[in-house]
Amino acid sequence: MGSNQAASSMEVETVPSEAKLLPPKPKFEPLKPHEMSDGQVQFRKVNVPPHRYTPLKKAWMDIYTPIYEQMKIDVRMNLKARRVELKTRPDTPDISNLQKCADFVHAFMLGFDVIDAIALLRLDELYIESFEIKDVKTLRGDHLSRAIGRLSGKGGKTKFAIENASKTRIVIADTKIHILGSFANIKIARDSLCSLILGSPAGKVYSKLRAVTARLAERF
């Protein structure tokens, strides 16, 4: 008797698999950038420092062409406010293009060449890191001048050596240092620059760079 009840309860619990069939998944078209923010146009504004105003005028078409034609972002120079203004268009293919273009313009304002800064539009894993000499060591007067001289080297030789070894681009603007590159490469360049600021001779930094780059080449 007990076994019959158990069998009947088992029969009740079994549900045909056809009843469990789910409706097909809906297929939605990907949202366009101007639809993501409820149809609102997104803006970015990049201030132009006084010393970059003339270079911006000269390189304007080199900056404007890739932003407008390839990234499909509207760009204009606001002469009154002295800043570059960017905004999305209805045909902008990707919402991230706006931030990439803002980073590209910002990199130019920091002092990078257009041909170097344009890599920010092409590649995803690129960053800019900025720091000051006083963040590493508090130097004043001639000591500060000598530290800047050690970073550049004769005719920029030391700076170029670090750039080529670490596959980065470096801008030394007075006491500020800006590095453009991938995360790992920025670390290599930053370590070398910090050693120079702390007083290491260039030869010692070169040999350390050679060892680090050799290790990186083995890893990849």
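This is a predicted model: local features need pLDDT of at least 70, side-chain atom pairs count only at pLDDT 80 or more; totals for chains, interfaces and linings use all residues.

Three strands form an open sheet in the order E1-E3-E2, and their pairing is antiparallel. At the edges are strand E1, residues 43–47, and strand E2, residues 73–78, each of which pairs on one side only. From one strand to the next, the twist averages 20 degrees.

Turning to one pair in particular, E2 and strand E3, residues 83–88, run antiparallel and are joined by 6 bridges. Within this pair, Asn 78 stands opposite Arg 83 in E3.

Two helices accompany these strands. Helix H4, residues 60–70, lies across E2 and E3, and runs at about 150 degrees to E2. Helix H5, residues 96–110, packs on the sheet and touches E1, E2 and E3. The direction of H5 makes about 5 degrees with that of E1.

I now move to the largest pocket. Its volume is about 310 Å³. How many residues line the largest pocket, and which lie nearest its centre? The lining comprises 15 residues, and those nearest the centre are Lys 187, Ile 188, Asp 191, Val 212 and Arg 215.

Helix H11, residues 183–197, and helix H12, residues 202–219, each contribute at least two residues to this lining. H12 provides the largest share, with 8 residues.

Thank you for your attention.

Technical notes. Residues are numbered from 1 along each chain as its sequence is written. Side-chain values use heavy atoms; hydrogens and water are left out. Two strands pair if DSSP finds at least two bridges between them. Helices (H or I, at least four residues) and strands (E, at least two) are DSSP runs, numbered from the N terminus. Axes are lines fitted to C-alpha atoms, for helices over the stretch in contact, and angles run from 0 to 180 degrees between N-to-C directions. Contact means heavy atoms within 4.5 Å. On a 1 Å grid over the protein atoms alone, a cavity is a set of points where a 1.4 Å probe fits but cannot get out, and a pocket is an open set with protein on both sides within 12 Å along at least five of seven lines; lining residues have an atom within 4 Å of a point. Grid points are joined across faces, edges and corners, and a volume is the space filled by probe spheres set on the points.
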